[in-house]
Amino acid sequence: MPETEPGKTESTAISEQTPTIIPRDQHAISRSNISPNALKVLYRLHAAGYQACLVGGGVRDLLLGREPKDFDVATDAHPEEVRKLFRNCRLIGRRFRLAHVIFGREIIEVATFRAQHSDGAEEGEGVMSEEGRILRDNVYGTIEEDAWRRDFTVNALYYDISDFSVRDFVGGMQDIEAGLLRMIGEPEARYREDPVRMLRAVRFAAKLGFRIEAATEAPITELGPLLFDIAPARLFEEVLKLFLAGEALNTFELLRHYDLFGKLFPMTEAVLAEEVEGFPHMLISHALRNTDERIDQGKPVTPAFLFAALLWEPMRRLMPPADTPGMSEVQAIQIASARIIAEQARHTSVPKRFSLPMREIWALQPRFEQRAGRRPQRLLAHPRFRAAYDFLLLRGQAGEVEPELCQWWTDFQEQNPQQQEKMLLPETRKKRRRRRRKPRSKSPTPDAT
Ligand code: ATP
Ligand code: MG
C-alpha cells in the first residue's frame, strides 16, 4: 500500500473502486472544445456500430480546462476495420499498430482497445522481454482492459461519444480533482515494463502542476538507470516533449530532483554536479526559461538551440587545448562538436537536421569577438547569425561573456552601414601568428584565445 500523508485521499485503492460513469451534465467536457475532425472520426465509428471514445491527454486536458495538444480516439474496431471506414487512413506501427486518420495537417490517432499481457506465452501479439519490458503490444481487449494498461489514472479517462459520458475505471476523475499523478497498478512493475513512464511522470507533473503520488514517486530514483536501455531515438522524442511543452525549466529541475536528467544527458549532468550555481547551470536555466517564454508568446523554438545550450559546456571540455599548434578556436570547437554528438547519440539521438545548426551556432561564437574590418558584416550576413547571436546573449546572461560584447552586437545590427563603420574596432596586427597555416586550410579566424 502506498505511504500517505494522514487525511489525504492517496490511499484509496484503485481496485476497490467500481467503474464510474459520469453523465454529460456532471462533467465539463463540451463538444465545442473538441476538434471537429476528432468528432467526425468518433461519429463515424459509432455509426458503424463500434464503440468510440476520446481518451488520454485530450480528455484529461479538457477536464482541466486546458487546451489539448491532440485528440486520441480509442475503439473496439480493429485497425483494418478502421481503415475500411476512412479513405484518409493509414495504418502505422509494429510494436503498437495504430490507425492514423489524416485531415490535412491534423492527424487523429485511432487505437484499438488493448489488454495488458503478463507474459509472452499468451497467444496473440503481446511480447515481453526477460526484464519485463513490453516489446510488442497488440493484444486487443475490452475498454476496461484498455484502461488498466495505460500509465496514469488521469490518462485513462474515456469520453464516450454514444452518450457523451466520461467512463472512469481507475479513479482518474478523483485524481484530476486532487491534482495527483498516480500510476495504475504496481508502480515498480509498470516502470520496468516501460521505463519511459518515469519521464512521463515528471513531464505531466511539471506540465499540469500535479503532485506525483507517494507510491508512484517512490521507485523512480532507483529505477532511473533502466532508461539507459531505451532506444536513443525514443529518448530523443521524449526529450522534445519534456523541453518543448512550455514548462522546460520546471521539468529540468524535477528531472534533476529524481536523478533522471543524467540518464538523458550524462555529460551535462557531470558538469552540473561539479558546480551547483556555476555558468553551466545559469546558461541552461536561462535557455530553458527563454524557451518557455517563447512558447508562451507563440514564437517558434528549435531543438537545435536547446541542444546547443544543454551540450555547450560538455562540448567545451572536449576542446583541444587553446595552445594546440595549428588549431584555431573554431577548429577546436568543430572537433569537440563531432565528439560530443557521437557521445550524446548513445543516449538520445540528435538528428542531423538539428545537430548541423547546433554546430554552426557553436562554431560562430568565437567570431563575435572579432569586431574589426569586414568581419562583423560578414557574420551578420551568415544564415545562422540570429540563432548564434541569441546564443551569445545567453552566454552573456550566464556571465560567460562580457555584457559589453553582447550590447555591441545588439547595437551593431540596428545601425545603418555608415554608423556600423564607425562602431568597428581598429584593426590590430599585434597578434603574431604562432605558426604557419597549412596552405589549403581556409580557416577564417586567428585564434581568439
Ligand atoms: P500529451 O498531452 O503529451 O499528448 P498524452 O497523455 O496524450 O499527453 P500521449 O503520449 O499522447 O500522452 O499518449 C496518449 C495516451 O496513451 C496517454 O494518455 C496514456 O493513456 C497512453 N500512453 C502513452 N504512453 C504510454 C506508456 N508509455 N505507457 C502506458 N500508457 C501510455
Ligand atoms: Mg496525446
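Analyst: Start with the secondary structure: the protein has 21 helices and twelve strands. This is a predicted model. Of its 449 residues, 50% are buried. The accessible surface is about 22100 Å². Carbon and sulfur atoms hold 50% of that surface.

User: What share of the contacts with a separation of 6 or more joins residues 24 or more positions apart?

Analyst: The share is 67%.

User: Why does Thr268 count as buried?

Analyst: Buried means under 20% relative accessible area. Thr268 has 2% relative accessibility, so Thr268 counts as buried. Thr268 sits in helix α13, residues 266-274. Beyond its neighbours within four places in sequence, Thr268 touches Phe261, Ile284, Leu310, Leu311 and Pro314.

User: How do you know that the span of helix α14 agrees with its number of residues?

Analyst: Helix α14 covers residues 279-296, which is 18 residues. At 1.5 Å a residue, α14 should span 26 Å. The end C-alpha atoms are 25 Å apart, so the two values agree.

User: Which elements do the buried residues of α14 pack against?

Analyst: They pack against α10 (232-243), α11 (248-257), α13, α15 (303-317) and α19 (385-397). The buried residues of α14 include Pro280, His281, Leu283 and Ile284. Ile284 is also one of the contacts of Thr268. After α14 comes Gly298, with a positive phi near 75°.

User: Why are α7 and α10 called roughly parallel?

Analyst: Angles under 35 degrees count as roughly parallel. Helix α7 (residues 196-208) and α10 pack at about 5°, so they are roughly parallel. Their axes are 10 Å apart. From α7, Val196, Leu199, Arg200 and Arg203 take part. They meet Arg234, Leu235, Glu238, Lys241 and Leu242 in α10.

User: Phe164 and Asp259 are not glycines, yet each has a positive phi. What are the values?

Analyst: Phi is about 60° for Phe164 and near 65° for Asp259. Phe164 lies in the loop between β9 (157-160) and β10 (165-168). Asp259 lies in the loop between α11 and α12 (261-264).

User: What makes Phe164 buried or exposed, and how is Asp259 classed?

Analyst: Phe164 has a relative accessible area of 14%. That is under 20%, so Phe164 is buried. Asp259 has 37% relative accessibility. This falls between 20% and 50%, so Asp259 counts as partly exposed.

User: How do you know that Ala99 is buried?

Analyst: Ala99 has 0% relative accessibility. The limit is under 20%, so Ala99 counts as buried. Ala99 lies in strand β5, residues 98-103. Leaving out neighbours within four places in sequence, Ala99 is in contact with Val82, Cys89, Arg90, Leu91, Ile108, Glu109 and Val110.

User: How far apart are the C-alpha atoms of Ala99 and Phe86?

Analyst: They are separated by 9.8 Å. Along the chain, Ala99 and Phe86 are 13 residues apart.

How values were computed. Residues are numbered from 1 along each chain as its sequence is written. Chains are lettered from A and ligands numbered from 1 in the order in which they are written. This is a predicted model: local features need pLDDT of at least 70, side-chain atom pairs count only at pLDDT 80 or more; totals for chains, interfaces and linings use all residues. Side-chain values use heavy atoms; hydrogens and water are left out. Helices (H or I, at least four residues) and strands (E, at least two) are DSSP runs, numbered from the N terminus. Buried means under 20% relative accessible area, exposed over 50%, partly exposed in between (1.4 Å probe, protein chains only). Contact means heavy atoms within 4.5 Å. Accessible areas come from the Shrake-Rupley method with a 1.4 Å probe; for residues, only the protein chains shown count as cover. The expected span of a helix is 1.5 Å times one less than its number of residues. Axes are lines fitted to C-alpha atoms, for helices over the stretch in contact, and angles run from 0 to 180 degrees between N-to-C directions. Angles under 35 degrees count as roughly parallel, over 145 as roughly antiparallel, 65 to 115 as roughly perpendicular and the rest as oblique.
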